[in-house]
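Please keep the sequence and the structure at hand while reading.

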Amino acid sequence: MADPFGFMKYTRVDNPIRPVEERIKDFEEMQNALSDEERRKQAARCMNCGVPHCHVGFFYSGGRAVSGCPNDNLIPEWNDLVYRNEDKRAFERLTKTNPLPEFTGRVCPAPCEVACNEALHGKGITIKDNERFIIEQGFKFDWVKDSGTPLRRNGIKVAVVGSGPAGLSAAWELNKLGYTVTVFERDDRPGGLVMYGIPNMKLPKEIVQRRIQVMKELGIKFKVNTEVGKDVTASELKKEFQRVILTVGARSARDLDVPGRQLKGIMQAVDYLTLATKQVLKDGTKANKILAGKNVVVIGGGDTGNDCIATAVRQGAASVRQLEITRQAPKKRLASNPWPQWPMVSKMGYGQKEAQELFGGVLTSYEMTAVGFKGKKGKVTSMTTSKVRLFKPIEGTEQEQSVDLVLLAMGFTGAQQSVLDAFDITQVNDDYTTDQEQVYVAGDARRGPSLVIWGIHEGRMVADTVDQSCQVHV
C-alpha cells in the first residue's frame, strides 16, 4: 500500500478550480493541476483496503444509485505507484483497463470516490485527479503511443460506427491487437459527445484531438461526415469489413410536446452545445457575447443542463433560469441511502454556481415545467410554466414570463434506431452480439444513455468479444 498513515497525515486537496469571476470570461479549462509533490501526497492517502469499494462496488440498472467504478480499474495499485514515484508503472496499470483516462479524469462524476472507504467517515481519495495526472504523464513521456502500438497485423478489417467513448475505446483495443480499424462518424470531427456534447471548459477539445491524432498515427482510420444508411450502406460495410461494431451515442433527446414548441429559439441542449463548441473551435476560447441581453431558460437538470447554464453565462446571457420537473433532493443523505451508495443529495454544479454568483436570486425552480410557448414572427418571446405533481401540471398554477432562448436538457431516450434498422438488427444480446453474425453493438446503443466510463467499458468488452469470435474462425 501507499503510506499507511497517509490518510491521517494529509487532508484531501482537489485540483484547484479557477475563480468564477475569472473563468466565465473564457471557455478555457476550469481546472488547474496540483504540483507533482502534492499529487503524491494525495495518492499516499489511499489505504489499499482489503475490500476496495472504489472498484468492487455494486451497481443498479436503469440509472439508479451507483457505487464504485464499473470498469474494473485497479485503483489502489496505481495510487500506490504514484505515491512511490513510479509513474510509468502507474500508467501501465491504469491503461490496462481504461484506454481513455484523459476523458474520465476530467468529466467522470467519480462514483469511485464516493464509494471509497475513507468516504464513510471523511473525504475519499482524489482518484479522478490522480487518474488525470497519470495520463498526462503518459502523453508527456510518449507512453501512450508506445502502449497502443500493435506487434503485428492480422489482416482482419473492422468497422466501428460512432466515435464517442465506446467507439474510440473499441477501436483502440482492436488496433492494439492487430486489427485494421476504420471509424465512421457522421459529424465533421471524431469524438462524438466528448467532442460536441461536453463544453470546452470541462473537456478541452485539444485533449480529444490529441487522442485522435495518436490513434491516426497508430493506423486507425477516421471517416467523418459519413452517416451509415445515407453516405454508406450497411451492406457495403458488411462486404468490406469482417466485423462491424455499432457504438452510436444516445442522441435521441426527449422533447416537449406543448403548444408553441415549433417556434425558433427553442432547441435541444445537445444541438446548442454543439454550436457553441464549433464557435470555440472556429474563433478561439475567449467568451463571446452572442446572447447579450437575452433571457435564457434551461428545462431539465443533470450534467447537460448544467453545461448549458455555464455556456449561456459565457455567451453573455442577461439572465438564466432553470426548470426541473422533479423535487429537490435532500441536503443530507437519508437513512435509506447509506454509504457506499451514490449520495442522492442536492448539490450545485459548476454552471449553477456561476449563474448564482452572477445573477443572484433563485436559479432553479423545482417541480415545475413549461406547458406552452408564444412568439412573434416565428420566434419565441414568452413561456408559460406550471407547477407539477407526479409529473403532471397542476391546473391554476400557470405563470407567463419573457424568454428569448429555451434549451431542452431533459435527457436522452437512446441511440438512433435507424442505424440498427439499417443492419436489420432485431436482437441485441448481453455479450454484445446481435442476430446479425457480423454485427456487434456496444455503448449507449446497447445499454442506453450512460456515463463516459460505461462507454469505455463497453468498448473494451465488445473489442474482446470481437477478438474471440475472430480467433474461433481463424
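Contact here means heavy atoms within 4.5 Å. The model is predicted.

**Val248**

- Val248 sits in the loop between strand 4 (243-246) and strand 5 (252-253).
- Because buried means under 20% relative accessible area, Val248, with a relative accessible area of 13%, is buried.
- Between Val248 and Asn15 there are 32 Å in space, C-alpha to C-alpha, and the two are 233 residues apart in sequence.

**The largest nonpolar core**

- In soluble globular proteins, nonpolar side chains tend to be buried together.
- The largest nonpolar core of this model holds 61 residues, of which Phe103 and Ile245 touch the most other members.
- Helix 20 (residues 452-473) provides the largest share of this core, with seven residues.
- Not counting residues up to four places away in sequence, Ile245 touches Val158, Ala159, Val160, Val161, Ala170, Leu174, Tyr440, Val462 and Val466.

- Thr104 belongs to helix 7 (residues 101-107).
- Thr104 has a relative accessible area of 3% and is therefore buried.
- Apart from neighbours within four places in sequence, the contacts of Thr104 are Asn98, Lys128, Glu131, Val452, Ile453 and Ile456.
- Glu458 is located in helix 20.
- Is Glu458 buried or exposed? Its relative accessibility is 1%, so Glu458 counts as buried.
- Beyond neighbours within four places in sequence, Glu458 is in contact with Tyr432, Ala442, Gly443, Arg446 and Arg447.

**The second largest pocket**

- The volume of the second largest pocket is about 230 Å³.
- This pocket is lined by 14 residues, and those closest to its centre are Met267, Tyr272, Ile290, Leu291 and Leu405.
- Which helix gives the largest share of the lining of the second largest pocket? Helix 15 (residues 269-283) does, with five residues.
- By residue class, the lining of the second largest pocket consists of seven nonpolar, three polar and four charged residues.

Terms used. Residues are numbered from 1 along each chain as its sequence is written. This is a predicted model: local features need pLDDT of at least 70, side-chain atom pairs count only at pLDDT 80 or more; totals for chains, interfaces and linings use all residues. Side-chain values use heavy atoms; hydrogens and water are left out. On a 1 Å grid over the protein atoms alone, a cavity is a set of points where a 1.4 Å probe fits but cannot get out, and a pocket is an open set with protein on both sides within 12 Å along at least five of seven lines; lining residues have an atom within 4 Å of a point. Grid points are joined across faces, edges and corners, and a volume is the space filled by probe spheres set on the points. Helices (H or I, at least four residues) and strands (E, at least two) are DSSP runs, numbered from the N terminus. Ala, Val, Leu, Ile, Met, Phe, Trp, Tyr, Cys and Pro count as nonpolar, Asp, Glu, Lys and Arg as charged, and the others, Gly among them, as polar. A nonpolar core is a set of buried Ala, Val, Leu, Ile, Met, Phe, Trp, Tyr and Cys residues joined through side-chain atoms within 4.5 Å. Buried means under 20% relative accessible area, exposed over 50%, partly exposed in between (1.4 Å probe, protein chains only).
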